[in-house]
Amino acid sequence: MKQLLILFLAFNISCTNKNLSVDTNESTLKSGFFEIVQKWSQQPNGYARKIYVKFPDNELEKYPAVIVLHGNGGNASTFVNKFNYINNHVIIAPQGYQKSWNIRKEKSKAPDINFIAETISHLKKMKNIDHENISIFGSSNGSALVNQLLIEFKDKSFKKAICRVSQLN
């Protein structure tokens with residue numbers, strides 16, 4: 001019984017120490033992707049939505065970020081590479097559900113306003129992102145989402161918005 005108690009205490013301390021340890025890489029964003037899980041009528045069990053990240057070659061302590069929203073039928077993993085000429089911002093490319101954004105009669109009914117809000121919230125937790133300098137860019141269907149964000153988004157997280165091939169619904 002005494003050995004079982006000692007084993008239990010050692011296991012408990014081991015688990016507690018792991019929870020208290022700080023991983024310095026946890027709060028640093030890197031090139032690649034991260035995911036945000038959401039639930040809605042089309043995905044009631046949850047769906048992991050990818051956000052692709054591309055850092056410029058220069059080394060800064062904190063990077064401004066631009067969120068780029070693809071058009072209908074677009075693919076964020078390739079769209080992120082269309083901005084190689086921007087060499088002083090981190091490019092953040094969320095993937096729209098079913099390659100679309102929830103705009104009017106599009107096939108996606110995903111909670112895209114919340115998706116962008118959660119993406120920005122994640123960026124604000126990263127120590128290498130300048131949270132005072134987040135911009136948003138949309139092309140076509142993504143541009144319609146930018147317009148919707150400008151109207152409906154309560155948080156003033158992004159300071160600049162750019163619409164290319166824009167429609168307002």
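**The core and its surroundings**

The chain has 4 helices and 6 strands in its secondary structure; helices (H or I, at least four residues) and strands (E, at least two) are DSSP runs, numbered from the N terminus. Their order along the sequence is α-β-β-β-α-β-α-β-α-β. This is a predicted model, in which local features need pLDDT of at least 70 and side-chain atom pairs count only at pLDDT 80 or more, while totals for chains, interfaces and linings use all residues. Residues are numbered from 1 along each chain as its sequence is written, and side-chain values use heavy atoms, with hydrogens and water left out.

Of the 169 residues of the chain, 40% count as buried. Buried means under 20% relative accessible area, exposed means over 50%, and partly exposed lies in between (1.4 Å probe, protein chains only). In soluble globular proteins, nonpolar side chains tend to be buried together.

A nonpolar core is a set of buried Ala, Val, Leu, Ile, Met, Phe, Trp, Tyr and Cys residues joined through side-chain atoms within 4.5 Å. The largest one here has 29 residues, and Leu29, Leu69, Ile92 and Leu149 touch the most other members. Two or more residues come from each of β1 (32–40), β2 (43–54), β3 (63–69), β4 (90–94), α3 (112–124), β5 (129–139) and α4. Helix α3 gives the most, with 5 residues.

Ile92 shows what such a position touches. Leaving aside residues up to four places away in sequence, Ile92 has contacts with Leu29, Ile51, Tyr52, Val53, Ala65, Val66, Ile67, Val68, Thr119 and Leu123; contact means heavy atoms within 4.5 Å. Across the chain, 69% of the contacts with a separation of 6 or more join residues 24 or more positions apart.

Next come the aromatic rings. Rings of Phe, Tyr and Trp (its six-membered ring) pair if their centres lie within 6.5 Å; planes under 30 degrees apart count as stacked, over 60 as edge-to-face and the rest as tilted. There are 10 aromatic pairs by this rule. One of them is Tyr47 with Tyr97, edge-to-face, at 5.1 Å centre to centre and 85° between the planes. This pair links distant parts of the chain, since Tyr47 is in strand β2 and Tyr97 is in the loop between β4 and α3, 50 residues apart. Tyr47 is partly exposed, at 33% relative accessible area, whereas Tyr97 is buried, at 8%. Phe79, Phe83, Tyr85 and Phe137 form one aromatic cluster.

Val37, in strand β1, is exposed at 57% relative accessibility. Val37 touches Gly46, Tyr47, Ala48 and Glu118, not counting residues up to four places away in sequence.

Ile151, in helix α4 (residues 141–152), is also exposed, with a relative accessible area of 60%. Leu150, Ile151 and Leu168 form a nonpolar patch on the surface, with about 340 Å² of accessible area together. Patches are made of residues with over 30% relative accessible area and no salt bridge: like charges are joined within 9 Å, nonpolar side chains (Val, Leu, Ile, Met, Phe, Trp, Tyr) within 5 Å. A salt bridge is a side-chain nitrogen of Lys or Arg within 4 Å of a carboxyl oxygen of Asp or Glu. Accessible areas come from the Shrake-Rupley method with a 1.4 Å probe; for residues, only the protein chains shown count as cover.
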